[in-house]
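Hello,

Here is the structure I promised to pass on to you. Have a look at it first, and then read on for my notes.

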There are 2 protein chains.
Amino acid sequence: MKSTIFDVAQRAGVSIKTVSRVVNREPNVRDVTRERVERAIDELNYRPDQSARNLASHRSHLIGLVYDDPAAYELPSSGYIINMQQGALRACRSAMHELLIHPCDFRRKNVGNELRAVITDARLSGVILAAPLSNMSRIVRAVQATNTPFVRLSPGRRLRNQLCVVTDDQQSCQKMTEYLAGLGHTRIAFVRGNQDHAAVSNRELGYKDGLQASGLKFRRSLIADGDNSFASGEQCAAKLLNRKQPPTAIFAANDDMAAGVIRTAARMGISVPHELSVAGFDDITLARQLDPTLTTIRQPLASMAEKAVAMLTGDSEQYLCVPASLQIRESTGKAPAT
Amino acid sequence: MKSTIFDVAQRAGVSIKTVSRVVNREPNVRDVTRERVERAIDELNYRPDQSARNLASHRSHLIGLVYDDPAAYELPSSGYIINMQQGALRACRSAMHELLIHPCDFRRKNVGNELRAVITDARLSGVILAAPLSNMSRIVRAVQATNTPFVRLSPGRRLRNQLCVVTDDQQSCQKMTEYLAGLGHTRIAFVRGNQDHAAVSNRELGYKDGLQASGLKFRRSLIADGDNSFASGEQCAAKLLNRKQPPTAIFAANDDMAAGVIRTAARMGISVPHELSVAGFDDITLARQLDPTLTTIRQPLASMAEKAVAMLTGDSEQYLCVPASLQIRESTGKAPAT
DNA sequence: GTGAAAGCGCTAACAC
DNA sequence: GTGTTAGCGCTTTCAC
């Protein structure tokens, strides 16, 4: 029924090693021979057995995608994960690898051991560590201990000799801030995200850069502390908008919080964007479903994951930055006339 | 470095076959022997090599989760997928299997062959086919052709001799309709979903059952045709609400469309739930973020996927129905006084 | 209850 | 350029 490398060799009149060479695209095969083998492969509908190949080669052709477990809390970040998966899958397919997903709750005591177990048990040939796990030393060390190549996604800050793929959080946030300033806003507030997530922290730096580049003064009172959740966005908005001198623009470090800001504004009878401009970061699906639709920064997660897989399966790059892009929609507009 | 079954056998003073028996929980091992082997395993930190085990046993310990590729179109169904993945992963872990995800665009010409290739190449030991792929005969046949055990999720209608896991779409929709009728609504509209998706069609049947059970007459004019998308929900709502006798309640076949209904109502200045009640199906994350929060039916996707994996890895059941549950929130209320 | 031996289908190392 | 041979680390079969 299922044909093996022997069947192919026999039919093509060559040795199994030659078949192996053809299958693995190794050199040292004459074109005629190669064609003959390929014909035999087609005729027999031969497909190499992965288990046998893995066993003999000590490699698994499996890439692990490790990310914060969404089951651990209530969060709408599913789009984030799906995007990564899509990018990673795309790259895996073209590199003849498979993808193993591994959501993982960093709050658990034993994550380190569990991670090590998964990686070694499955003999993963590479691991992708998504943010915010990528900036948690406990997690990174566990992966490192397995001696498996790994790349970190948005680790916040770069470490030498470690593969990583990032986006330009800081610069794109500077651009967004400058864009808001360009609309005439002078009191631009910023809603911080969860400080566990290093890349998100970088967004605040970009906000400050943007203020400076626009000749605006940074005011501590225009900063609010959120935790990346919708609810925290609502709370921060309430706090900011109840000030004697409320901001005319609020820039949130992620879209969920920005959505919370819009909701609170609506409840307070503040019209977006006429009285208040709101911007976010991520470009989750919700951004286009909100009313008004949300101006935000699109994080190229799928490309980032794709590049990460490529790093593990061939590309020799060590560090890659995939630029984010401003998505201007309905939630931002000219500053209201005083 | 990495220890093998030989190392364990040597240390325990037994043959490798006995170690194998212990590892695989096979019978015919004396307790003393078993303990001795287990101690050796611990001491050596032995973990069986999956590739070797798969090669020798002709099984892969891999379950494939196949679902409609979200990249194929613009859809916020990521929560749907994440939920399935979570359930499937949970069951895989307890059954010592791994999960391979495989988003797949059924609109492509070659899906059948691609699917066959993935399944046979990876030697999957089982496949889970999510809706709506589970009710597409082209897809089902392709999976069938591989002779790999598979279970269908929400296939719309049951087929004999085929494993499947469903939820009670029809009954829960009847309950929702009865609930709305119980609030005094007499003109309850229904927004149909995509007819490609058989299980979604069953929801309309439940709506009709509910009307009947409540003594209400079915009116063709209170049915609108959506396609599961947010935008189609908006359009259907506009159509329904512009009638001379508009409905006082709209029940949409999924949450995305229900969200579109709420949006349109807001734009038309119709207050939800005071002038209009709105209900959905699925209980996606968005349901709790809408304003007002959405009354809906929670589809137990994670459990369904979990049971599906269990069917493939041990459980001998053929058919399983996991009940859905009403989630009453802010978007439904008493019918307005005439 | 336990063990010996024969593969599983491939890759790696080296010979030719 | 191509073939030979020896494993990879397990499970299976069957003998004891």
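Predicted model: local features only at pLDDT ≥ 70, side-chain atom pairs only at ≥ 80, totals over all residues.

You will find Asp255(A) in helix H11 of chain A, which covers residues 255–267. Is Asp255(A) buried or exposed? Asp255(A) counts as buried because it has 29 C-beta neighbours inside 10 Å, and 20 or more are needed for that label. For a sense of distance, Asp255(A) and Arg158(A) are 97 residues apart in sequence, and their C-alpha atoms are 25 Å apart in space.

Over in chain B, have a look at Ser232(B), which lies in helix H10 (residues 230–241). Ser232(B) is buried too, because 22 other C-beta atoms lie within 10 Å. Again not counting residues up to four places away in sequence, Ser232(B) touches Gly226(B), Asp227(B), Met257(B) and Gly260(B). Between Ser232(B) and His274(B), which are 42 residues apart along the chain, the C-alpha atoms are separated by 23 Å.

Next, the backbone. Which peptide bond in chain A is cis? The one from Val272(A) to Pro273(A), with omega near 10°. Pro273(A) has its place in the loop between H11 and strand S9 (277–279) of chain A. In chain B, a cis peptide bond joins Val272(B) and Pro273(B), with omega about 10°, and Pro273(B) is found in the loop between H11 and strand S9 (277–279) of that chain.

Two asparagines are also worth a look. Asn45(A) is not a glycine, yet its phi is positive, near 55°. Asn45(A) lies in the loop between helix H3 (31–44) and H4 of chain A, and it counts as exposed because it has 9 C-beta neighbours inside 10 Å, where the limit is 12 or fewer. Asn28(B), likewise not a glycine, has a positive phi of about 65°. Asn28(B) sits in the loop between H2 and helix H3 (31–44) of chain B, and it is exposed because 7 other C-beta atoms lie within 10 Å.

Now to the contact between the two chains. It takes 34 residues from chain A and 33 residues from chain B. On the side of chain B that touches chain A, the elements that each supply at least two residues are H4, helix H5 (78–94), strand S2 (98–104), helix H6 (111–121) and helix H11 (255–267). H5(B) gives the most to that side, with seven residues. By class, the residues of this side of chain B divide into 16 nonpolar, 11 polar and six charged.

Finally, the DNA. How many residues are around DNA strand C? There are 24, and Ile5(A), Ser20(A), Ala52(A), Ala56(A) and Ser15(B) come nearest. Both chains take part: helices H2 (16–23) and H4 (50–57) of chain A, and helices H2 (16–23) and H4 (50–57) of chain B, each supply at least two residues of the surface near DNA strand C. H4(A) gives the most to this surface, with five residues. The surface near DNA strand C has 11 nonpolar, eight polar and five charged residues.

Happy exploring, and do write back with any questions.

Best wishes

Key:
Residues numbered from 1 in each chain as written. Chains lettered and ligands numbered in written order. Near = placed C-beta within 6 Å. Helix = DSSP H or I, 4+ residues; strand = E, 2+ residues; numbered from the N terminus. Nonpolar A, V, L, I, M, F, W, Y, C, P; charged D, E, K, R; others polar. Contact = placed C-beta atoms within 7 Å.
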